Amino acid sequence: MADVAWQFKELGFILIEKFNDSLVEVILSIDGVEDIEVSEGSLEVYLTKESFRSAYSIIEKLVLELGAKIVEVRLIKKADNLIELSDKDLEEAQVLVSKL
């Protein structure tokens, strides 16, 4: 793992459901929020490791006030460089992984 560890960034991760646009706007303004992704009714919030505790505390209060729901909270390793695979390459990768 040490050989590839430099390719990942340790981040705080919060998954929120039942949120509204006003929550998204406020979360974006919190110090330590690195990224937000909205997909299929859920809000994924990525926080810097250094500000994880303080930012989570603020987000937790906001979520309660606005009636949203925190589903998951954890530290993750997120790849710095993502690549897009063609359908053919994806199929070949899935075959390779299934053989492991």
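These notebook entries record what I looked up in the structure above.

**Entry 1. Basis.** I worked from a predicted model, in which local features need pLDDT of at least 70 and side-chain atom pairs count only at pLDDT 80 or more, while totals for chains, interfaces and linings use all residues. Residues are numbered from 1 along each chain as its sequence is written, and side-chain values use heavy atoms, with hydrogens and water left out.

**Entry 2. Helix α1.** I took helices (H or I, at least four residues) and strands (E, at least two) as DSSP runs, numbered from the N terminus. For accessibility I used relative area: buried is under 20%, exposed over 50%, and partly exposed in between (1.4 Å probe, protein chains only). Which residues of α1 are buried? In this helix, residues 21–28, they are Leu23, Val24 and Ile27. Viewed down the axis of α1, these buried residues fall within an arc of 100°, so they line one face of the helix; the arc is that of the directions from the helix axis to the C-beta atoms. An α-helix has 3.6 residues a turn, so residues three or four places apart point the same way. I found the exposed residues Asp21 and Glu25 on the face of α1 turned away from its buried side.

Entry 3. Two strands pair if DSSP finds at least two bridges between them. I noted that β2 and β3 run antiparallel and are joined by six bridges. Valine 38 has leucine 43 of β3 as its bridge partner. Two residues lie between the strands of this hairpin, in which glutamate 40 takes a positive phi near 45°.

**Entry 4. Nonpolar cores.** I defined a nonpolar core as a set of buried Ala, Val, Leu, Ile, Met, Phe, Trp, Tyr and Cys residues joined through side-chain atoms within 4.5 Å. The largest has 17 residues, of which Ile16, Ile27, Val45, Leu47 and Ile59 touch the most other members. At least two residues of this core come from each of β1, α1, β2, β3 and α2. The most come from α2, with five residues. Apart from this core lies another, of five residues, among them Leu11, Phe13, Tyr46 and Ile76. I also listed the contacts of leucine 47, not counting residues up to four places away in sequence; they include Leu11, Ile14, Val33, Phe52 and Ile59.

**Entry 5. Salt bridges.** My criterion was a side-chain nitrogen of Lys or Arg within 4 Å of a carboxyl oxygen of Asp or Glu. How many salt bridges does this rule give? The count comes to six. One of them joins glutamate 10 and lysine 49, at 2.9 Å from N to O. This pair links distant parts of the chain, with glutamate 10 in strand β1 and lysine 49 in the loop between β3 and α2, 39 residues apart. Glutamate 10 is partly exposed at 30% relative accessibility, and lysine 49 is partly exposed at 42%.

Lysine 78 forms a salt bridge with aspartate 35, with the closest N and O atoms 3.8 Å apart. Lysine 78 lies in strand β4 (residues 69–79) and aspartate 35 in strand β2, so the pair ties together parts 43 residues apart in sequence. Lysine 78 also meets glutamate 37 in a salt bridge of 3.4 Å, N to O. Salt bridges that share partners join Asp35, Glu37 and Lys78 into one network. Relative accessible areas are 22% for lysine 78, 32% for aspartate 35 and 33% for glutamate 37.

Methods. Contact = heavy atoms within 4.5 Å.
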